[in-house]
2 protein chains.
Amino acid sequence: MISGGEPSTPPVPTKNPADLLDAAGGGDRVALARLLSQVERGGQAGHRAAAQAYRTGVEADTVGITGAPGAGKSTLTARLIATARRAGVSQVGVLAVDPSSPFSGGAILGDRVRMQDHALDPGVFIRSMASRGHLGGLAAAVPEAVRIMGAAGFPLVLVETVGVGQVEVEVATATDTTVVVVNPGWGDAIQANKAGLLETADIFVINKADRPGTREARRDLEQMLDLTTPGDWRPPVVETVASDGSGVDRLWEQITHHKSHLLADGRLERRRKVRLDREIAQLLAARIDYEVKRLLAGEAAGALTDRVVAHELDPYEAVQAMMTTVLGESA
Amino acid sequence: MISGGEPSTPPVPTKNPADLLDAAGGGDRVALARLLSQVERGGQAGHRAAAQAYRTGVEADTVGITGAPGAGKSTLTARLIATARRAGVSQVGVLAVDPSSPFSGGAILGDRVRMQDHALDPGVFIRSMASRGHLGGLAAAVPEAVRIMGAAGFPLVLVETVGVGQVEVEVATATDTTVVVVNPGWGDAIQANKAGLLETADIFVINKADRPGTREARRDLEQMLDLTTPGDWRPPVVETVASDGSGVDRLWEQITHHKSHLLADGRLERRRKVRLDREIAQLLAARIDYEVKRLLAGEAAGALTDRVVAHELDPYEAVQAMMTTVLGESA
């Protein structure tokens with residue numbers, strides 16, 4: 001091979017979202033990658049593709065994997081891919097999400113995972129995503145990417161995030177099942193609690209469970225779980241050693257167990273409805289921000305601001321005037 | 001005195017903003033307090049009062065005081081009041097701002113300061129402000145309150161915030177001179193840097209400078225200042241012991257020094273223009289947010305969300321439809 005290890009795929013002749021989505025559904029990875037880039041950039045093409053994907057009504061099961069940097073999420077994700085494939089999942093998609101990075105397209109986390117085990121498995125597709133300019137950021141881009149992968153025939157998408165910042169937690173919890181990874185060691189479980197992960201976890205993993213402090217970490221987690229309001233699902237605490245694969249089968253078991261739980265009594269529908277409401281609110285906020293900037297960049301707004309600077313209007317009156325201009329009589 | 005220590009003031013016969021502002025300018029503290037309550041509530045009366053105050057063109061000098069809870073900001077503020085009064089400032093206003101508290105009107109921080117030294121000084125007016133329901137929150141209410149106090153004849157308004165959250169920093173930096181208070185001790189200066197305070201500080205104070213770690217804190221701050229792009233003002237680092245007043249004269253000196261710096265070359269005008277732009281953008285965002293939420297609570301938005309749940313629209317399209325409804329053809 002001349003091109004240095006890249007799988008040779010025939011060139012995609014179009015950038016049309018509908019055609020790309022068809023091609024991606026037929027197994028064309030280049031088409032899929034192109035669609036995900038469109039989504040990441042946040043332009044009209046990406047939205048059209050995501051809209052079309054959404055309207056198919058086909059949705060992937062999603063598992064979010066979050067936790068502090070160094071907890072071993074990437075290794076665990078790689079193990080989960082293998083376990084899911086052995087369990088018969090036809091295609092596993094992975095989105096490795098790094099809100100703090102300007103790089104994407106497989107340059108960071110994705111590579112680490114891809115290199116390890118799955119380079120030759122056509123049933124696995126791994127993609128890194130970073131903040132590229134999508135209106136609403138990754139919190140908006142990731143659900144669209146998941147939709148594309150779902151419509152392209154992936155029954156399962158793992159969403160791995162690098163840190164425990166607000167965006168990471170938001171992204172990881174916008175999934176059907178949220179796995180929170182901690183390590184043995186004093187206070188790690190408590191840190192997870194502080195970061196607001198306790199309420200969002202469906203499953204806890206104590207990774208690196210061959211190290212001292214595992215029992216204490218479990219005790220801390222169980223104690224904190226005892227204190228939370230009892231719902232209809234108490235997050236199980238699973239011990240794993242991702243580096244050698246121990247415990248990963250049991251984690252997969254708990255993921256499928258949680259899925260069965262969600263499927264009962266319409267829980268999954270309710271959960272997805274809540275997520276949609278949140279997504280709409282976020283997109284709306286981003287859109288408002290955009291419109292405000294556009295408005296302020298206009299001539300009318302500039303003239304009004306000048307009058308404020310001259311103390312002829314106060315800021316509130318200027319805003320009222322801008323709104324009246326935009327909204328007409330209704331403001 | 002029967003009424004238990006409250007200064008006896010004749011009742012204010014009106015709630016009309018113009019009359020209240022006249023009365024406040026004549027030294028009527030009850031009228032001033034009433035105006036500030038109106039501003040805090042964010043109703044039309046408050047906006048009218050702030051607009052009228054703004055149009056007078058009389059603006060107070062403003063000093064923001066921010067830093068972590070426990071840094072000694074209230075004690076330092078109390079000392080600064082005394083120093084400013086001794087230096088000949090005819091009237092000093094203080095806004096003690098607590099975004100996390102639903103209480104206001106002097107119930108919290110303000111009391112601590114007021115009780116200490118200034119209860120009997122008619123040249124001092126202290127007022128606590130909390131999030132009361134002002135559209136745009138405290139970030140919008142505080143500039144209006146400052147305008148009222150400026151028009152009421154206060155040449156200097158100190159704006160003290162309780163914490164270092166985003167809103168607090170926003171409020172404290174919406175002043176002519178921002179004072180960031182840290183304490184000796186490993187990492188406190190670094191925390192300030194993390195919280196984004198380094199770029200916003202015009203003056204650093206190491207308070208409790210009689211404690212160990214002062215030299216290290218100064219070294220950390222100076223090192224961080226060395227790394228920032230050199231502008232035309234390098235924030236001085238002042239050591240104080242607010243509890244006994246040491247160093248406060250030097251802080252006051254630096255505040256007046258910074259004021260002179262701002263007055264040269266039109267810097268103050270440029271700074272106030274930047275603040276106005278930001279204030280207008282915030283008010284506009286708050287206003288559009290309000291309109292959109294009003295819309296979301298309505299039937300049309302509910303119908304759109306239902307169509308998303310039914311996979312007939314994707315979230316992006318629903319948002320587009322909502323924006324078109326609010327903003328008309330321009331969206």
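Buried area is the accessible area, taken with a 1.4 Å probe, that two parts lose on being put together, summed over both. This is a predicted model, where local features need pLDDT of at least 70, side-chain atom pairs count only at pLDDT 80 or more, and totals for chains, interfaces and linings use all residues. Residues are numbered from 1 along each chain as its sequence is written, chains are lettered from A in the order in which they are written, and side-chain values use heavy atoms, without hydrogens and water.

**Stop 1: the interface.** Show chain A and chain B together. They bury about 4000 Å² between them, 71% of it on carbon and sulfur atoms. Select the residues in contact (heavy atoms within 4.5 Å). That gives 43 residues of chain B and 41 residues of chain A.

**Stop 2: a salt bridge.** Select Glu317(B) and Arg55(A). Their side chains form a salt bridge at 2.6 Å, N to O. The term needs a side-chain nitrogen of Lys or Arg within 4 Å of a carboxyl oxygen of Asp or Glu. Between the two chains the count is 2 salt bridges.

**Stop 3: the helices of chain B.** Helices here are DSSP runs (H or I, at least four residues), numbered from the N terminus. Colour H3 (44–55), H6 (138–151), H12 (267–296), H13 (299–309) and H14 (315–327) of chain B; each supplies at least two residues of the side that touches chain A. H12(B) gives the most, with 15 residues.

Stop 4: Select Asp265(A), in the loop between H11 (248–263) and H12 (267–297) of chain A. Its phi is positive, near 60 degrees, in a residue other than glycine.
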